[in-house]
Amino acid sequence: MWMEEPEARKGIERWLIIKKARLTNHYRRALRYEIEPGRGLVLLEPSIEELKSS
């Protein structure tokens with residue numbers, strides 16, 4: 001997990017990469033997410049539908 005510098009982006013962008021998933025075919029690109037009260041970690045891009053289709 002990492003966060004872009006807020007000063008450079010004029011806001012906060014959080015990213016997540018799954019480094020390893022044993023014996024599975026998983027999404028290998030960065031996932032952008034937000035943390036929402038009452039919901040927790042919410043994926044912004046790619047969408048859940050896009051992840052299911054890949």
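Reply: Begin with how far contacts reach along the chain. This is a predicted model. Among contacts in the protein chain between residues at least 6 apart in sequence, 10% join residues at least 24 apart.

Me: Which elements does the protein chain hold, and in what order do they run from the N terminus?

Reply: List the helices and strands, then read them in sequence order. The protein chain has two helices and four strands, and the order is β-α-β-β-β-α.

Me: How do I read strand pairing, and how many bridges join E3 to E4?

Reply: Two strands count as paired if there are at least two bridges between them. Strand E3 (residues 31–36) and strand E4 (residues 40–45) are antiparallel and joined by five bridges. In this pair, Tyr 33 sits opposite Leu 43 of E4. E3 also runs antiparallel to strand E2 (residues 14–16), with three bridges between them. There, Trp 15 faces Arg 32 of E3.

Me: Where do side chains point in a regular strand?

Reply: In a regular strand, side chains alternate between the two faces of the sheet.

Me: What share of the residues is buried, and what makes up the accessible surface?

Reply: Buried means under 20% relative accessible area. By that cut-off, 15% of the 54 residues in the protein chain are buried. The accessible surface is about 4,800 Å², and carbon and sulfur atoms account for 51% of that surface.

Methods
Residues are numbered from 1 along each chain as its sequence is written. This is a predicted model: local features need pLDDT of at least 70, side-chain atom pairs count only at pLDDT 80 or more; totals for chains, interfaces and linings use all residues. Side-chain values use heavy atoms; hydrogens and water are left out. Buried means under 20% relative accessible area, exposed over 50%, partly exposed in between (1.4 Å probe, protein chains only). Contact means heavy atoms within 4.5 Å. Accessible areas come from the Shrake-Rupley method with a 1.4 Å probe; for residues, only the protein chains shown count as cover.
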